[in-house]
Amino acid sequence: MASLRCFLRSGKNAVSAGLRREFHRTPPAAVQVTVRDALNQAMDEELERDERVFLLGEEVAQYDGAYKISRGLWKKYGDKRIIDTPITEMGFAGIAVGAAMAGLRPICEFMTFNFSMQAIDQVINSAAKTYYMSAGLQPIPIVFRGPNGASAGVAAQHSQCFAAWYSHCPGLKVVSPWSAEDSKGLLKSAIRDDNPVVFLENELMYGVPFEMSEEAQSKDFIIPIGKAKLERQGNHVTLVSHSRMVSLCLDAAAVLAKEGIECEVINMRTIRPLDAEAIETSIMKTNHLITVEGGWPQFGVGAEILARIMEGPAFNYLDAPAVRVTGVDIPMPYAKILEDNSIPQIKDIIFSVKKTLNV
Amino acid sequence: MRKMLTIISNILRGSASRNGARVVVSARTYADFTPQATFDIKKCDLHKLEEGPPLQAVLSREEGLQYYRTMQTMRRMELKADQLYKQKIIRGFCHLYDGQEACAVGIEAGINLSDHLITAYRAHGYTLTRGGTVREIMAELTGRRGGIAKGKGGSMHMYTKHFYGGNGIVGAQVPLGAGVALACKYLGKNELCVCLYGDGAANQGQIFETYNMASLWKLPCIFICENNKYGMGTSVERAAASTDYYKRGDFIPGLRVDGMDVLCVREATKLAAEHCRSGKGPILMELQTYRYHGHSMSDPGVSYRTRDEIQEVRSKSDPISMLKDRMLSNNMASVEELKEIDVEVRKEIEDAAQFATTDPEPPLDDLCNHIFYNDPPMEVRGTNPWTKLKSVS
């Protein structure tokens, strides 16, 4: 069902092309690609393109990746470029940063970003700040990637969203893709970027197929970091989201459309630097803002967006206070009924839209 | 008569320092000096190593003069920094290296400039041996635009080619150093990385994580513990269940070295470098050394150790005195020659201090620069929503 929804959502081009009677031109050869395969393709292409790129992390090589994101890469590139590490995050994250300092371009995988806390000093103090402290002498071209945020039934220590924590720090770029195209284009950009990039994936999205355009299938396809994407046009309210929550926003929008409420859905793609302009432009049209995220409310991504809107030109266009839909402010519980009620559901978004629009 | 002589020698000395002219009071040609000599050096304690460094080191006159000059420059630079700190011209953190000069100079003598090195925050000495000038080091300490990091890093964050700082977080530099070593192996240029940490840092978990990976992957990494007996105010006995730091690498071969003897350090480094370059993997050196100053300028350094102890080391084991005595007693240099070097060094330090105190502070429009490399210019929020600052790479 999820795949059908995704197909319909992103398959607009293919469907409409098929409906149009075009005899002289074949429709673009779009294919269905899961987020997992898109990430795999991105790494494969970049490993091939630049010899300095290499991947290290737990189980990335012989196990094909804990979530199979690096499937086949060790077989293709060998021990030198795909490195299995012991379970020592602080150590191997530091080693990755050191390798970047000395001219390589590491991809450092955290099995989940929860484990990145063990290594967070290396990410912030060794990677993020060094180019500044050295006044431009020492760049750090590194990507830290892995699944972030809530999964399914993995409980409190394995479900935290780190978007807000990493986005707090200057010197880092923080990317949070949603679709397969996002994942591929943004990961390629991140690997080619000469700066530390924190790349937040989502385990529940790995298996979700999306249509990937022919353009996106090219080896040179990159999506620039720092630009949001308009996933759905609307006039009544702006929904701003990232990662898996974009799916929920689109689902909620589909339900609301039946009641005549048209939501504009913005997929942030990048958390830092934040594309405030895209959000402002949308608010100037819809006059209403709701941010939707999986993480906790306090000092979160939504909190930052609301603060910026308050401080910027779009404030005067708001007809109602901007609000946030977030995860519940508790550690993630285990039991399914509790877990389901700890993160935003489609009904929460719908409820918030109606409250904001006062309908 | 004595007064006459004093006046004459004062005039001569005075003219020497003013013009920089070399006034040699007694005439001796270079043919008089011994071109090289062999010295006995202390035996190193070994851990999982068949053979240690040789028990004798050959020192040439040129090498001796170079080591002397560098160590003296380092010493004077640190003492000048002490002075400037007390005058409040240097602020914040300032961790001085005086007493430990033989380590930095000995290590550099055992490797090449094309090798790599990373250390912790007591880094001024290494910044010098790795190619930094006294001027840019001092100007960084005083936070001026002529500083080696344009005033944006300060005492703990100085960088040069193949020198990765200067790191403020205790122990964090060790995994970084192993990463540099990984790059050395990966790129196949037969380079290695010297990765330094102190006796205080030696208990850090991430160091043991690094030992494991460096050993597993046979990284060309020389781990060096500079054991100066105190981690800030805590003596090694109070901090470490085992103070045999050269053994703490367990499966990594190690050696304990007299860190006050530049020749001992050099020979041990040569052995370690050979070990790494032959593909045997990492090796660990413990340098037994001593710092005359406290942990930093805010630590007088006498609450946890006695003045007698400091004085004892100064009189019996000072690295510069040791080298000087060796050279003089073997006729490798003259007293006057070494004094001339002292004068030149003093002048260099004075000039650098002058520069460091008069160079202007960085311009305010440099505030937000150097966030990202190779990126188009971007906007950075100032302290309030109306202030938008510019940032370029």
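## An aromatic cluster in chain A

In this predicted model, one aromatic cluster is formed by Phe92(A), Phe110(A), Phe113(A), Phe144(A), Phe162(A), Trp165(A) and Tyr166(A). Over all chains, the structure holds 15 aromatic pairs. In one of them, the ring centres of Phe92(A) and Phe110(A) are 6.3 Å apart and the planes stand at 35 degrees, so this pair is tilted. The two residues come from distant parts of the chain, 18 residues apart. Phe92(A) belongs to helix H5 (residues 89–101) of chain A, while Phe110(A) is in the loop between strand E4 (105–109) and helix H6 (120–128) of chain A. Phe92(A) and Phe110(A) are both buried.

Phe113(A) and Tyr166(A) are also members of the cluster. Their ring centres lie 5.8 Å apart with the planes at 70 degrees, so the pair is edge-to-face. Phe113(A) is found in the loop between E4 and H6 of chain A, and Tyr166(A) in helix H8 (residues 163–167) of chain A, so the pair ties together parts that are 53 residues apart in sequence. Both Phe113(A) and Tyr166(A) are buried.

## Charges over rings

The charged end of Arg135(B) is placed over the ring of Phe355(B), at 3.9 Å from the ring centre.

## The contact between chains A and B

Chain A brings 44 residues to the contact and chain B brings 36 residues. Between them, the two chains bury an area of about 3500 Å², and carbon and sulfur atoms give 68% of this area. On the side of chain B, the residues that lose the most area to chain A are Tyr159(B), Tyr186(B) and Tyr373(B), which together account for 21% of what that side buries.

Two salt bridges are counted between chain B and chain A. Glu311(A) forms a salt bridge with Arg381(B), and the closest N and O atoms of this pair are 2.5 Å apart.

Helix H6 (173–187) and helix H7 (205–216) of chain B each provide at least two residues of the side that touches chain A. With nine residues, H6(B) gives the most to that side of chain B.

Notes: Residues are numbered from 1 along each chain as its sequence is written. Chains are lettered from A and ligands numbered from 1 in the order in which they are written. This is a predicted model: local features need pLDDT of at least 70, side-chain atom pairs count only at pLDDT 80 or more; totals for chains, interfaces and linings use all residues. Side-chain values use heavy atoms; hydrogens and water are left out. Rings of Phe, Tyr and Trp (its six-membered ring) pair if their centres lie within 6.5 Å; planes under 30 degrees apart count as stacked, over 60 as edge-to-face and the rest as tilted. Helices (H or I, at least four residues) and strands (E, at least two) are DSSP runs, numbered from the N terminus. Buried means under 20% relative accessible area, exposed over 50%, partly exposed in between (1.4 Å probe, protein chains only). A charge sits over a ring if NZ of Lys or CZ of Arg is within 6 Å of the ring centre and within 35 degrees of the ring normal. Contact means heavy atoms within 4.5 Å. Buried area is the accessible area (1.4 Å probe) that two parts lose on being put together, summed over both. A salt bridge is a side-chain nitrogen of Lys or Arg within 4 Å of a carboxyl oxygen of Asp or Glu.
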